Amino acid sequence: MISPALPPEQLVTSSDLVRHFGLWQERAARAPLYILHRGRPRFVLTSIETMDALCAAHAPDTTATAAPAIDATALLDGMRDLVVLAANDGSIIASSRTARAHFGATVAPGAAIDAVAPLSARAFLTDAIRRVLASGIGDRLDIPSAAREGRMLTLAIEPAGAGVVLFAQDGTPEREAAHALASAHALDAALLATTGVACVTINPRGYAVDPSAALSAMTGLTRDALAMIRFVALAEIDARVMLGEAIERALAGETPAPLQFSLLVNRADPVSVRIGLAPLRNGAAIEGVAAVLVAA
């Protein structure tokens with residue numbers, strides 16, 4: 001029976017054990033370390049000296065089978081990250097369930113860890129692993145995935161005992177988001193240079209989302225001011241009901257016919273513009289309306 005009053009420094013989750021193996025290895029040398037599984041102690045990590053002392057009072061039973069070693073795969077399977085554990089010769093010892101789902105047979109025990117990278121990037125991964133083994137200091141690397149074309153992986157390589165543990169994260173969504181943001185900024189700059197054209201996203205409450213510099217130039221209002229007023233207020237009074245109804249149809253999933261109306265301009269005469277509206281979809285949800293304004 002495990003005492004419920006174990007000090008925190010003797011309790012560790014499998015995830016934290018793998019991430020900071022050096023720290024917990026030192027603690028296990030001083031006192032037994034209890035490895036938690038779903039919040040309950042399941043394994044014990046301790047020194048050989050402690051094990052010898054515990055077993056010295058018992059005569060060996062030659063008929064009994066040896067107790068199984070701690071299953072590294074079982075420990076890693078409790079982690080959400082893509083994790084691969086390798087020996088100092090680069091051969092894989094174990095991997096997490098998520099890593100096996102991503103890499104497949106590439107991360108089978110005994111396989112070479114550099115095979116998680118495509119041929120063009122294996123030398124970079126091998127060099128990084130060697131640096132970690134030699135220095136004991138972790139390293140990071142971005143490489144294409146050898147298992148899934150078009151996906152980029154961010155790797156964190158950390159020392160683990162005599163070998164290394166590799167944590168992989170799919171960095172493709174972040175890269176795609178950064179590319180989309182850069183493209184949006186470039187498009188806005190191009191529209192500003194063109195003049196007379198502006199794009200805007202309208203949220204379900206009817207306000208412009210992060211108004212562009214092109215819309216600011218077209219209306220004569222600052223971007224902060226544009227974000228504080230309802231989009232329909234930019235139209236002359238006679239056109240506001242018509243514009244509001246078109247926005248509501250777009251929020252309902254329709255693509256209304258283009259509209260023409262007079263756009264109010266700060267400290268200047270109104271200008272005639274043509275506007276096209278379309279629903280902004282994210283999966284099955286409509287999160288707003290995309291609009292393009294062109295000065296007539």
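Helices (H or I, at least four residues) and strands (E, at least two) are DSSP runs, numbered from the N terminus. The legends below refer to a predicted model.

**Figure 1. Overview of the chain.** Ten helices and 13 strands make up the secondary structure of the chain. The chain has 296 residues, of which 33% count as buried.

Figure 2. Strand E2 (residues 33-37) and E3 run antiparallel and are joined by five bridges. Within this pair, leucine 33 of the chain stands opposite leucine 45 in E3.

**Figure 3. Close-up of the five-stranded open sheet.** The strand order is E5-E4-E8-E7-E6, and the pairing is antiparallel. E5 and E6 form the edges, and each pairs on one side only. Neighbouring strands of this sheet are turned by 25 degrees against each other on average, direction ignored. Helix H6 packs on the sheet, where it touches E6, E7 and E8. The direction of H6 makes about 165 degrees with that of E6.

Figure 4. Serine 95 is found in strand E5 (residues 92-95). Three bridges join E5 to strand E4 (residues 82-86), and the two strands run antiparallel. Valine 84 stands opposite serine 95. Serine 95 counts as buried because its relative accessibility is 4%, and buried means under 20%. Leaving aside neighbours within four places in sequence, serine 95 is in contact with Thr73, Leu76, Asp77, Val83, Val84, Arg100 and Val107.

Figure 5. Helix H6 (residues 119-135) has 17 residues, which at 1.5 Å a residue should span 24 Å. The end C-alpha atoms of H6 are 25 Å apart, in agreement with that expectation. The buried residues of H6 are Ala121, Leu125, Ala128, Ile129 and Val132. These residues cover an arc of only 100 degrees around the axis, which means that they are on the same side of H6. An α-helix has 3.6 residues a turn, so residues three or four places apart point the same way. Leu119, Arg130 and Ala134 are exposed on the other side of H6. The cover over the buried residues of H6 includes strand E6 (139-144), strand E7 (152-160) and strand E8 (163-170). Just after H6, glycine 136 takes a positive phi of about 75 degrees.

**Figure 6. Close-up of the largest nonpolar core.** This core has 29 residues, and those that touch the most other members are Phe231, Leu243, Ile247, Ile275 and Leu293. At least two residues each are supplied by strand E9 (197-202), H8, helix H10 (237-251), strand E11 (259-265), strand E12 (268-282) and strand E13 (285-295). H10 gives the largest share of the core, six residues. Leaving aside neighbours within four places in sequence, phenylalanine 231 is in contact with Val200, Ile202, Gly206, Tyr207, Leu243, Ile247, Ile275 and Leu293. A second, separate core of 23 residues includes Leu125, Leu153, Val164 and Leu166.

Figure 7. Methionine 218 lies in helix H8 (residues 213-219). Its relative accessible area is 12%, so methionine 218 is buried. Leaving aside neighbours within four places in sequence, methionine 218 is in contact with Gly196, Val197, Ala198, Leu263, Val265, Val273, Leu293 and Ala295. Leucine 264 is 46 residues from methionine 218 in sequence, and the C-alpha atoms of the two are 9.3 Å apart in space.

How values were computed
Residues numbered from 1 in each chain as written. Predicted model: local features only at pLDDT ≥ 70, side-chain atom pairs only at ≥ 80, totals over all residues. Heavy atoms only, no water. Pairing = 2+ DSSP bridges. Expected span 1.5 Å × (residues − 1). Buried < 20%, exposed > 50% of the residue type's maximum accessible area, 1.4 Å probe, protein only. Arc of directions from axis to C-beta. Contact = heavy atoms within 4.5 Å. Core = buried A, V, L, I, M, F, W, Y, C linked by side-chain atoms within 4.5 Å. Axes fitted to C-alpha atoms, helices over the stretch in contact; angles between N-to-C directions.
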